[in-house]
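Thank you for making the time this morning.

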Amino acid sequence: MIQKHVRKALEMCAKEKFTSIAFPAIGTGQAGLSPGQVADSMMDGMLEMIRKNPQSTLKLIRLVVFQAQMLPEFLKSMQNRETGPVKQDQSTWSKIKTYAASVKSFFTGSWEKEIKQHGGKDFVIEGMQVDPVFFSICGPSQAEVDKTKRFLEDTINDEQVFQSITDTAILTLSDKDQQRIQDLQSTMDVTIRLEYKAHKGSEETSGEATLTVQGLSRDVLKATQEIQDMLKTAKEDEILKREMDYTSELVDWQYEQGGQYRSFDQRTNFNLEKALARQAADIRISFQGQTYQVTLPEGPAVSTTGGNRMNIRRIDRLKATEDIPQHWDAMAPNELHKKFNLQPTSTEYQDVLKHFQASCPNNKVLKIERIQNPGMWKNYQNNKSVMEKKNGHQNNEKRLFHGTSEQTLGHIEKSGFNRSYAGKNAAAYGNGTYFALNASYSSSNTYSVPNAQGQKHMYLCRVLTGDYTRGQTGMIVPPAKNSNCDLYDTVVDKTNAPTIFVVFRDDNAYPEYLITFT
């Protein structure tokens, strides 16, 4: 009955748009109800009304209790509804509600947006705006009232603290983190203030930011710790992002799909390069919804579930800027030339093998090595550029074979081809270095001389054939191709469908791959 009367009284206040009401402790007189029953019924009536009408105009509800012996029962009833039943060893002053739930929006957008809206100048975003809390103190004397007032003031002052956090990482917090900081104000009863001070003469978002957290000590401590955790994660993410950006500028890990190579995402690119740096034999990566086991450094990548195989390669971007092939392996600064053994599973190996077996299907390939000689390569590329300008077209290069003996390998890979050896086997088309379109021509014992173990050697070369004409015995240079005395670049066995090319400049051919076979 008491609960019903309280509810009706509050409904009337809401209807009339009253802002306050005072209730006596009804029912404790002639009705004979205990103070605890009255307190519970009145509290339940108030809570019921507030839940049904959260937008009510009521701001203040007073409970007037004249009998001192009844106060503990009303206090206990309030505490039960705030935090549940109070334990016997718990202090009666469990918590002072310093902050109300009415909150002004902390942010109008992201902090970066706020900085731009303020033109990169100093500004402050205040924390939540709260309604004040009023205490009505009744007592037997003014002295007791004053004593109680001092107790409340001292308790509030003792509990109220603030903590400031100044960190450049504040400005890098994600929108999600910023929203969480906003939410902390209502969930932990703290207020959080953002102060931004721009650095003079600097770009936007490069100033100093400070977050100040204020409230009860335990709430401030908890909120500050959570913010510090956010900042730590933000710093780690920023460092990782910079490392990934830097790595992607240096190297590009790629995968083969549909006959073309495409770049992995930045994180996978970083993880592969990191694994290679620590000399890991393999690494697992997540790619297109599957997990792949990658064998380093040349692959393949094999799906752990379906067994799908995928070729990979590592591109050194620095080499590309130096006109050195991107797929070359790293060399020591003091190394002028080096051979690198290709893995049979690599696309590079399969490409060379395909060229060789097109005319030598019955020969057994023992290994294929890539020849890396940066100085020789740059000279060759320079000659290619000059030839393109001279001839007015870019159809100047072919991939041709050259068989040789084991004794000449070191000289060719160090210094290139030497015309002084021309005529050693045959010079039907001139005294230059001979290259063949088909591996079968160069694979004969005459050109690819077997060693003591019966192994033979042949280069797949890049050759600047340019404009050519038919050669003749005794030629030491190609003939002139016009009245200006411009010479042909090479000579051939037949001009309509040449299979033999003779080069008269040693640096117009580069020994790209060495094929060892039987």
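A word on conventions: what you see is a predicted model, in which local features need pLDDT of at least 70 and side-chain atom pairs count only at pLDDT 80 or more, while totals for chains, interfaces and linings use all residues. Residues are numbered from 1 along each chain as its sequence is written, and side-chain values use heavy atoms, with hydrogens and water left out. When I speak of helices (H or I, at least four residues) and strands (E, at least two), I mean DSSP runs numbered from the N terminus.

Let me turn to the helices. The axes of helix H6, residues 175-187, and helix H7, residues 217-250, come within 11 Å and cross at roughly 180°; axes here are lines fitted to C-alpha atoms, for helices over the stretch in contact, and angles run from 0 to 180 degrees between N-to-C directions. H6 and H7 are therefore roughly antiparallel to each other, on a scale where angles under 35 degrees count as roughly parallel, over 145 as roughly antiparallel, 65 to 115 as roughly perpendicular and the rest as oblique. On the H6 side, Asp177, Arg180, Ile181 and Leu184 meet Ala223, Glu226, Ile227 and Met230 of H7, where contact means heavy atoms within 4.5 Å. By class, this contact has five nonpolar, no polar and three charged residues; Ala, Val, Leu, Ile, Met, Phe, Trp, Tyr, Cys and Pro count as nonpolar, Asp, Glu, Lys and Arg as charged, and the others, Gly among them, as polar.

H7 also meets helix H8: the two axes come within 9 Å and cross at roughly 80°, which makes H7 roughly perpendicular to H8. In this contact Leu240, Glu243, Met244, Asp245, Thr247 and Ser248 of H7 meet Gln266, Arg267, Asn269, Phe270 and Glu273 of H8, and the residues divide into three nonpolar, four polar and four charged.

Three strands form an open antiparallel sheet in the order E8-E7-E13, with strands taken as paired if DSSP finds at least two bridges between them. Strand E8, residues 260-263, and E13 stand at the edges with a single partner strand each, so one side of each is left without a neighbour in the sheet. Neighbouring strands of this sheet are turned by 35° against each other on average, direction ignored. H8 packs on the sheet, touching E7 and E13, and its direction makes about 110° with that of E7. Between strand E7, residues 251-257, and E8 there are four bridges, and Gln254 has Ser263 in E8 as its bridge partner.

The other sheet is open too, with four strands in the order E9-E10-E11-E12 and antiparallel pairing. Here strand E9 (282-287) and strand E12 (309-310) are at the edges, each with a single partner, so one side of each is left without a neighbour. H8 packs on this sheet as well, touching E9 and strand E10 (290-295), and its direction makes about 175° with that of E9.

What links E9 to E10? They pair over six bridges in the antiparallel sense, and in their hairpin, which has two residues between the strands, Gln288 takes a positive phi near 50°.

Most residues other than glycine have a negative phi, and most peptide bonds are trans. A cis peptide bond joins Leu296 and Pro297, with omega about 5°, and another cis bond joins Gly299 and Pro300, with omega about 10°.

Lastly, the second largest pocket has a volume of about 680 Å³. A pocket is, on a 1 Å grid over the protein atoms alone, an open set of points where a 1.4 Å probe fits, with protein on both sides within 12 Å along at least five of seven lines, and lining residues have an atom within 4 Å of a point; the volume is the space filled by probe spheres set on the points, which are joined across faces, edges and corners. Of its 26 lining residues, the closest to its centre are Arg313, Arg314, His327, Glu348 and Arg370. H8 (266-277) and strand E13 (312-316) are among the elements that each supply at least two lining residues, and the lining has ten nonpolar, five polar and eleven charged residues.
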